[in-house]
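Please look through the sequence and the model shown here before reading on.

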Amino acid sequence: MRLRRVGPLTRGDGPPSRGSRIAMAIFIGIILGCVFAFLFPDGLFRSSSPSPSRTQDAAKWSQVNSAPCESLERTNILKSELASLSEKNAELKKQVRELTMKLQLAEQGKDQAQKQFLALGVQHKAGPFGTVRSLRTNPTIIPDESVNPRLAKMLEKVSVQKELIVALANSNVREMVELWFENIKRVGIPNYLVVALDDGMENFCKSKGVPVYRRKPDEGVDSIGRTGGNHAVSGLKFRILREFLQLGYSILLSDVDIIYLQNPFNHLYRDSDVESMSDGHSNMTAYGYDDVFDEPKMGWARYAHTMRIWVYNSGFFYIRPTIPSVELLDRVASRLSREKAWDQQVFNEELFFPSHPGYDGLHASRRTMDMYLFMNSKVLFKTVRKDANLRKLKPVIVHLNYHPDKFRRMKAVVEFYVNGNQNALDPFPDGSE
């Protein structure tokens with residue numbers, strides 16, 4: 001009898017085959033692997049050190065949290081360093097100014113002829129007889145805007161060809177100042193400036209559209225500017241004018257008791273350090289003459305010849321930015337700070353006195369202005385108004401320097417020369433009443 005073997009799969013109650021068990025184990029392993037992979041992505045046994053990605057994330061969070069603190073601290077450090085640099089910069093600027101001043105003073109002590117030689121460079125032989133002409137026009141200084149940057153910017157706008165009229169004034173002379181600049185405007189002079197010595201004058205000029213400059217507070221100067229009389233205020237101009245010259249500008253200094261009838265810049269020679277109007281009233285007194293001094297006791301030598309000239313007027317002069325000009329201002333300002341003296345007297349002494357034992361004279365060139373074009377009030381009232389031919393002349397300016405009733409005479413000059421009133425000058429005496 002043949003027996004038939006039945007396979008295990010065909011037997012419903014028999015034990016599973018070996019292949020079935022392997023397949024089941026593989027399936028269960030895959031399932032468990034997926035479960036463990038989902039529940040324990042980093043594995044069952046974690047390392048004590050953090051992963052690189054977590055370390056980077058932590059570092060980023062640390063930087064983010066500490067950034068505001070570090071930024072604030074850095075800002076404070078930069079501010080501190082900036083403040084320190086600003087202080088050092090201000091100190092360096094001060095030292096530069098002081099050194100520049102010392103250098104200029106040292107330059108002024110050198111021989112002027114040597115400076116001219118250095119400026120001209122090549123030495124020259126003397127030409128034929130009658131053809132030799134010496135140097136009169138000193139070279140101008142190099143402008144230094146660091147002296148006063150604010151003033152430098154203003155002068156760039158106001159000046160014409162580096163020239164301008166400058167007047168110093170306080171509120172005590174407001175009426176004369178107004179008449180002064182009204183005639184300047186009428187003539188059409190654009191380059192003029194008022195240096196206000198107090199708040200009232202500064203505000204007044206601004207209200208009238210007049211170019212005005214107010215210096216930085218200086219108690220030594222301002223106290224005189226507010227309360228000083230004519231002579232005291234006049235003494236300030238030599239200190240104040242120095243800055244204008246250092247900036248490289250030629251200045252026509254003007255008192256305010258002056259009537260302008262023409263543009264003075266059209267009548268200047270510009271060949272000297274100082275070009276000034278004269279207090280003289282004739283050709284002899286204005287331009288110089290031989291005055292004979294008689295001393296009978298000397299017998300044969302009784303007559304001594306002297307050279308005389310009437311003084312320059314320190315209220316109207318043109319000054320170029322040269323070394324001798326700056327030295328002149330320094331000398332006059334220095335003496336006026338020590339001596340109780342009239343500024344015009346000191347101005348002329350420093351300009352004219354020659355070198356002698358114990359004293360070094362100023363090597364400055366000078367020119368006297370035409371006394372009929374740049375006319376003082378003595379020439380006008382004593383001579384011109386009484387002469388039919390001279391009355392026809394039209395001066396450039398008239399300076400009411402010889403008379404105390406200045407404002408009345410200023411208005412009379414305008415009436416005579418501007419409005420054509422031929423009798424306007426007649427009520428006034430030659431001198432003061």
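Which residues does Arg335 touch, not counting residues up to four places away in sequence? With a contact taken as heavy atoms within 4.5 Å, Arg335 touches Val346, Glu349 and Glu350. Arg335 itself is found in helix α10, which covers residues 323–338, where helices are DSSP runs of H or I with at least four residues, strands are runs of E with at least two, and both are numbered from the N terminus. Arg335 has a relative accessible area of 15% and is therefore buried, given that buried means under 20%, exposed over 50% and partly exposed in between, with a 1.4 Å probe and protein chains only.

This is a predicted model, in which local features need pLDDT of at least 70 and side-chain atom pairs count only at pLDDT 80 or more, while totals for chains, interfaces and linings use all residues. Residues are numbered from 1 along each chain as its sequence is written, and side-chain values use heavy atoms, with hydrogens and water left out.

Taken as a whole, the protein has 13 helices and 12 strands, and 38% of its 433 residues count as buried. Among contacts between residues at least 6 apart in sequence, 71% join residues at least 24 apart. The accessible surface, computed by the Shrake-Rupley method with a 1.4 Å probe, comes to about 26,700 Å², and 57% of that surface belongs to carbon and sulfur atoms.

On the surface, a patch of positive charge gathers Lys93, Lys94, Arg97, Arg150 and Lys216. Such patches are made of residues with over 30% relative accessible area and no salt bridge, like charges being joined within 9 Å; a salt bridge would be a side-chain nitrogen of Lys or Arg within 4 Å of a carboxyl oxygen of Asp or Glu. Helix α2 (residues 52–108) gives the most to this patch, with three residues, whereas Lys216 is found in the loop between β3 (212–214) and α7 (219–227). Lys216 is exposed, with a relative accessible area of 64%.

The backbone deserves a look as well. Most residues other than glycine have a negative phi. Gln161, however, has a positive phi of about 55 degrees although it is not a glycine, and it lies in the loop between α4 (149–158) and β1 (163–169). Gln161 counts as exposed because its relative accessibility is 72%. Arg270, also not a glycine, has a positive phi of about 60 degrees and sits in the loop between β5 (258–260) and β6 (274–278). At 29% relative accessibility, Arg270 counts as partly exposed.

How values were computed. Patches are made of residues with over 30% relative accessible area and no salt bridge: like charges are joined within 9 Å, nonpolar side chains (Val, Leu, Ile, Met, Phe, Trp, Tyr) within 5 Å. Lys and Arg count as positive and Asp and Glu as negative; His and the chain ends are not counted. The place of a charge is taken as NZ of Lys, CZ of Arg, CG of Asp or CD of Glu.
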